[in-house]
Amino acid sequence: MPELPEVETITKGLNLKFSGKTCTKIVFHRKDLRYPIPQQTIRSCCLETPILSFKRRAKYILMETQKGSIVFHLGMTGSIHQEVSSVPLRPHTHAVFSFYENKQKKVYLHYVDPRRFGLISAIKGAVTGKEKYFQDLGLEPLEHKNLGKKLMQLGAHKKQAIKKFIMDSKIIVGVGNIYASESLYEARVHPETPAGNLKNKHFIAIGLAIQKILRKAIKDGGTTLKDYVNTDGKPGYFKQKLKVYDREQQPCLTCKQKIVRLVQGGRSTFFCPYCQKEKK
Ligand SMILES: [Zn+2]
């Protein structure tokens with residue numbers, strides 16, 4: 001599944017390559033993905049008007065024009081590819097956007113999604129954040145200088161375990177299962193600690209750890225992609241050296257004690273019981 005760091009890398013790549021260009025034609029090869037594709041609205045928002053920019057909100061990619069925004073989500077298996085032909089080259093190519101590279105040459109964006117949990121939609125006019133896609137989304141982890149302080153305000157008096165708390169997209173977006181374990185190890189916080197029991201300094205450490213780990217994944221993820229738009233490269237976190245995730249029974253890199261696995265909300269959590277002592 002594409003995670004926030006990959007979606008960030010793809011968005012940056014699309015910005016570099018396609019901002020300022022004008023979409024001249026869109027061909028849809030399906031009527032629906034996770035939801036029906038509003039083809040007319042999409043065409044009215046993006047044809048014959050220059051792309052202003054690409055933005056990311058959580059794992060959504062927004063292609064903005066003066067008329068509105070096209071919303072993409074890659075679901076479980078989606079990807080966006082830059083191609084020199086409008087002919088679908090990969091199975092499960094569901095939409096092809098045509099652009100002029102220059103006066104003679106065209107360039108194409110292909111949206112591919114084998115399992116079809118992804119989404120292509122459109123928002124007319126300016127995005128307010130109140131749209132159904134965005135209204136329930138929590139903090140953007142990389143956009144806050146004092147992320148820990150924000151998390152502390154949201155976590156006060158909460159009994160929810162801190163690992164589940166930071167994986168809740170209504171609280172903060174983009175902290176997937178791997179990043180949650182790694183961030184709490186980095187911050188030296190036990191994953192089962194109730195959020196409301198943590199002190200300010202722990203939230204500050206968690207906020208910094210989340211940002212450090214996501215930024216590292218973006219940096220590593222960016223280097224694994226052949227071109228900025230192609231998502232065939234392995235995600236950044238496979239290249240990244242994981243300190244606790246999937247390292248059950250292996251020695252902690254700090255204290256040499258064995259890493260422990262536990263299950264929280266049906267998901268595996270990995271931590272060092274010595275470095276991450278429970279804080280009651
Ligand atoms: Zn340790």
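The following questions and answers concern a predicted model.

Modeller: Local features need pLDDT of at least 70 and side-chain atom pairs count only at pLDDT 80 or more, while totals for chains, interfaces and linings use all residues. Residues are numbered from 1 along each chain as its sequence is written, and side-chain values use heavy atoms, with hydrogens and water left out.

Biologist: What is the geometry of the site of the zinc ion?

Modeller: Donors are N, O and S atoms within 2.8 Å of the metal (3.2 Å for Na, K and Ca), and sites may look incomplete because water is not among the atoms. Here the SG atoms of Cys252, Cys255, Cys272 and Cys275 coordinate the zinc ion at 2.2 to 2.4 Å. Four donors count as tetrahedral if all angles lie between 85 and 135 degrees. The angles among the four donor atoms are 100 to 113°, and the site is tetrahedral.

Biologist: Which spacing do the donors of the zinc ion follow along the chain?

Modeller: The donors include Cys252 and Cys275. Along the chain, the donors follow the spacing C-x2-C-x16-C-x2-C.

Biologist: Is Cys275 buried or exposed?

Modeller: Buried means under 20% relative accessible area, exposed over 50%, and partly exposed in between (1.4 Å probe, protein chains only). Cys275 has 13% relative accessibility, so this residue counts as buried.

Notes
Tetrahedral: all angles 85-135°; square planar, octahedral: opposite > 155°, others 65-115°.
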